Amino acid sequence: MESSIATEQALRIALWVGAIGLLLTLLAISAVLLLRWQTLRQQRRRTAFRQRWQPVLAMTTMVPVAAMPVLKRSEVEFLLLEWLEWRRTVRGDAADRLAKLLDQLALDGYLLAWLNRDRRHQVLALLVLGLYRLVSAMASVQALAMASDPLLSTLAARAWWQGEGSRIAFPLAALMARRLDWPLARTMQLAQEGGEPLRAALLHVLPDAGSAERLRILRLLEPHRQGLFLPHIAQWLAVSQPIEVRTQVLRLLERPADLPWLRQALQDADWQLRVVALQQLERLGTAEDVPALIAALHDPVWWVRYRAAQALLRAPSFGVAACAALTATLDDRYGRDMLRQVLADREAGL
Amino acid sequence: MSTQAWLVGFQYAVLIYLCAINVGYLLLNLAAVIRLRRSKQDQASNEPSLLYADLVPPISVLVPAYNEQATIVASVRSMLQLDYPQFEVIVINDGSRDDTLQTLAEAFRLRAVPGAYATALVTEPVRTVYQSLQHSNLRVIDKANGGKADALNAGINAALYPLFCGVDADSILQRDSLQNIVRPFLDLPDVVAAGGTVRIANGCVVKDGFLKAVDVPRSWLARFQVIEYLRAFLFGRLGWSALNGMLIISGAFGLFRKDTVIRVGGYTRGCIGEDMELVVRMHRLLRLWRVPYRIEFVADPICWTEAPEDLATLKNQRVRWQRGLAESLTANLGLLCHPRGGVPGWVAFPFFLLFEWLGPLLEVAGFAVFLMAWAAGLLSAPAVLTFLLLSLSLGLLLSASGILLEEMSFPVYGKPHQLAILLLTMLLENLGYRQLNTLWRLWGLMLWATRSQARWGAMRRHGHWQQSPASPAPPQKDTTP
């Protein structure tokens with residue numbers, strides 16, 4: 001009797017769960033159909049919008065445009081997306097005219113309001129504001145640059161820089177060093193765009209930075225390495241420093257005056273340092289370095305031998321013929337094989 | 001305990017199991033929806049300038065090949081046309097018995113180069129390394145047969161760049177595949193691997209190795225797999241990725257940080273599910289070593305693959321997948337509920353163990369007990385029917401969720417008739433195909449238990465698109481070495 005009641009109960013539960021499952025399935029299918037309808041509607045609206053506004057935007061890049069179609073409230077997002085596409089491809093007067101177009105349409109209010117809306121609107125507003133350089137928005141943009149969301153704060157930092165320029169080089173450099181969660185590629189792009197003022201600011205914050213921040217700053221200096229004078233090199237290359245810091249410092253050395261550091265690194269116990277030293281010597285080395293490069297062909301690590309062979313092949317004072325001759329005389333099999341490989345690579349057009 | 005009482009207990013167990021698995025999947029669905037919304041928001045910030053500002057890491061594309069004579073040239077040509085600032089393609093000929101190497105040598109003017117070779121991972125001997133005289137970024141490694149994992153390890157040894165992308169020789173990529181899959185590496189500093197969405201190419205128009213137009217497959221078997229792939233990738237992997245608990249990156253297309261893979265020991269030789277095993281091991285060891293890391297998933301469709309259209313090949317594939325799953329989980333049991341296991345160890349691993357690994361056994365046992373009890377008169381027909389309907393309705397719900405996520409993310413089946421076919425397929429898939437699949441998976445589980453030898457996964461493919469008009473019809477391969 002009890003078993004029969006329990007079976008009925010189990011069946012009832014199964015029936016209910018099944019019914020709920022079917023109901024949710026129907027809801028999901030309805031949602032699919034609704035989404036499809038909305039997407040089609042949105043596409044049609046966007047196409048119609050483009051037909052009206054693309055000629056205006058194209059014309060604006062050439063001459064100021066006075067008469068414009070009516071911009072509906074629901075079309076502001078479309079316009080900003082299109083504007084962004086155009087603005088990314090133009091410079092100079094055309095860029096100014098595109099900015100004036102936003103003035104004419106009085107979209108400042110929207111952009112400011114969007115900085116406080118959901119993430120999608122914030123992202124779009126920040127991308128536009130950076131290129132539009134709306135002064136009244138910079139305080140809000142600065143606040144967003146401190147936000148915890150890495151992508152949002154990186155975009156805000158870029159917009160802040162685009163709006164304020166070198167005036168904010170020092171606080172921005174400090175922020176870039178501190179925010180280890182910021183995407184490295186985007187942050188490097190910002191460092192690159194920041195030019196000389198940001199380079200100076202990054203070098204300024206380098207000595208006082210903690211070890212993780214130090215590595216970050218050294219990486220951010222990479223786009224600026226040409227002619228870079230890096231202070232305290234001995235300190236950064238000390239064995240006590242993490243290997244990432246030491247290799248990164250070597251990568252930044254570009255001046256002939258830095259050659260002694262590279263030569264010294266070639267003797268280091270860490271193979272990663274030796275590899276980077278060889279990469280740098282390939283570009284900066286002189287005839288004086290050839291014996292050290294030949295010695296590196298006997299290194300126990302494959303990558304060191306590979307880099308040494310590459311450096312010898314490309315060294316103006318050594319080159320292909322000398323490498324071929326060396327292949328015949330070299331006693332060490334590993335070094336010989338490596339030279340043969342890079343010579344064959346070269347012949348194959350690599 | 002009486003038979004009746006045992007049956008009641010069994011019914012409750014089935015109910016609890018069905019509810020648990022479906023609630024689990026629906027929660028994953030929710031996580032996937034949240035992640036999708038976020039990635040959609042981020043799309044506006046994806047600037048092409050970032051990709052071409054020397055800020056993206058170069059990538060080595062590794063293409064392991066075994067008896068791929070018929071399709072390898074078209075595949076490599078399409079890979080060489082990928083839109084990415086700096087990459088190399090390394091084809092690893094894993095001791096093919098057909099003319100794969102000769103075909104490549106003729107098509108790309110290969111020339112042997114001396115084999116000074118880094119061996120961070122131990123592999124079967126490399127015979128010769130070839131360099132293309134036409135494409136400076138194409139190399140071919142000819143090695144003794146050692147299986148797919150061994151071939152990939154040889155490719156990792158030869159790779160010059162810090163990231164490598166394992167690609168199946170028969171994968172159809174999009175020109176922007178590498179651009180899309182590299183994004184997590186640009187946005188998050190601790191990403192060690194990223195997987196992408198793989199879609200079914202049957203029915204699509206492919207020209208010169210690239211996808212030109214999308215359509216639903218004509219074969220119902222392939223259509224069922226479309227729904228399966230939507231479920232597996234869109235809420236399965238995307239959901240787990242949101243929780244940093246993704247245990248699988250498809251071997252068809254995945255991007256890895258080379259030094260991390262070498263550090264964890266590379267791909268396991270002789271393992272059938274080498275792609276999953278590597279990811280599970282990465283979770284286990286990186287957590288054990290307290291290395292901060294993320295394994296990400298890119299929802300954009302970036303890789304298309306041909307699905308089997310005959311039952312024998314499909315069965316072979318599913319059996320292998322199930323064996324691979326079993327191997328991957330049992331080889332890394334140390335991750336299960338490890339104090340440092342986090343989401344992978346405490347949520348994803350037990351979930352896979354219970355619902356993916358043991359799932360077929362429990363499902364088949366459930367069906368069998370219900371049918372036997374009905375046959376013996378212990379259970380009424382309405383009772384059996386109720387449980388079958390329950391299973392059907394929950395299956396439909398999961399399939400519908402997959403289609404919903406597809407619609408929310410990157411809908412590729414844009415025409416109304418395509419959507420109608422998908423919805424119909426969703427219904428039909430639950431009437432036989434899913435049950436058949438469960439039986440195959442159970443067979444895979446049994447084969448794993450008997451420890452049969454691992455082999456390269458050969459598939460009977462049509463691959464009409466892979467051939468140039470002038471080339472002869474490819475010999476079909478359906479045997480393994």
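This is a predicted model: local features need pLDDT of at least 70, side-chain atom pairs count only at pLDDT 80 or more; totals for chains, interfaces and linings use all residues.
Trainee: How many helices and strands does the secondary structure of chain B come to?
Mentor: The C-alpha atoms of chain B fill a box of roughly 75 × 50 × 50 Å along the principal axes. Within chain B, the secondary structure amounts to 14 helices and 12 strands.

Trainee: What is the radius of gyration of chain B, and why does chain B count as compact?
Mentor: For 481 residues the globule rule gives 23 Å. The computed value is close to this, so chain B is as compact as a globular protein of that length. The radius of gyration of chain B is 23 Å.

Trainee: What percentage of the residues in chain B is buried?
Mentor: A residue is buried when its relative accessible area is under 20%. Among the 481 residues of chain B, the buried share is 61%.

Trainee: What share of the contacts in chain B with a separation of 6 or more comes from residues 24 or more positions apart?
Mentor: Contact here requires heavy atoms within 4.5 Å. Of the contacts with a separation of 6 or more, residues 24 or more positions apart account for 80%.

Trainee: Which handedness has the crossing of α1(B) and α12(B), and how do the residues of their contact divide?
Mentor: On the α1(B) side the contact includes Trp6(B), Phe10(B) and Tyr17(B), and on the α12(B) side it includes Leu362(B), Glu363(B) and Phe370(B). The crossing is left-handed. The residues of this contact comprise 10 nonpolar, three polar and one charged.

Trainee: Is Glu274(B) buried or exposed?
Mentor: Glu274(B) lies in helix α9 (residues 274–288) of chain B. Beyond residues up to four places away in sequence, Glu274(B) touches Lys148(B), Ala149(B), Tyr267(B) and Thr268(B). Because its relative accessibility is 6%, Glu274(B) is buried.

Trainee: What distance separates the C-alpha atoms of Leu278(B) and Thr268(B)?
Mentor: Leu278(B) belongs to helix α9 of chain B and is buried, at 0% relative accessibility. Its contacts outside four places in sequence are Phe256(B), Val261(B), Val264(B), Gly266(B) and Tyr267(B). Leu278(B) and Thr268(B) are 10 residues apart along the chain, and their C-alpha atoms are separated by 7.2 Å.

Key: Residues are numbered from 1 along each chain as its sequence is written. Chains are lettered from A and ligands numbered from 1 in the order in which they are written. Side-chain values use heavy atoms; hydrogens and water are left out. Helices (H or I, at least four residues) and strands (E, at least two) are DSSP runs, numbered from the N terminus. Buried means under 20% relative accessible area, exposed over 50%, partly exposed in between (1.4 Å probe, protein chains only). A crossing is left-handed if the near helix is turned anticlockwise from the far one by less than a right angle, and right-handed if clockwise. Ala, Val, Leu, Ile, Met, Phe, Trp, Tyr, Cys and Pro count as nonpolar, Asp, Glu, Lys and Arg as charged, and the others, Gly among them, as polar. The radius of gyration is taken over C-alpha atoms; the globule rule is 2.2 Å times the number of residues to the power 0.38.
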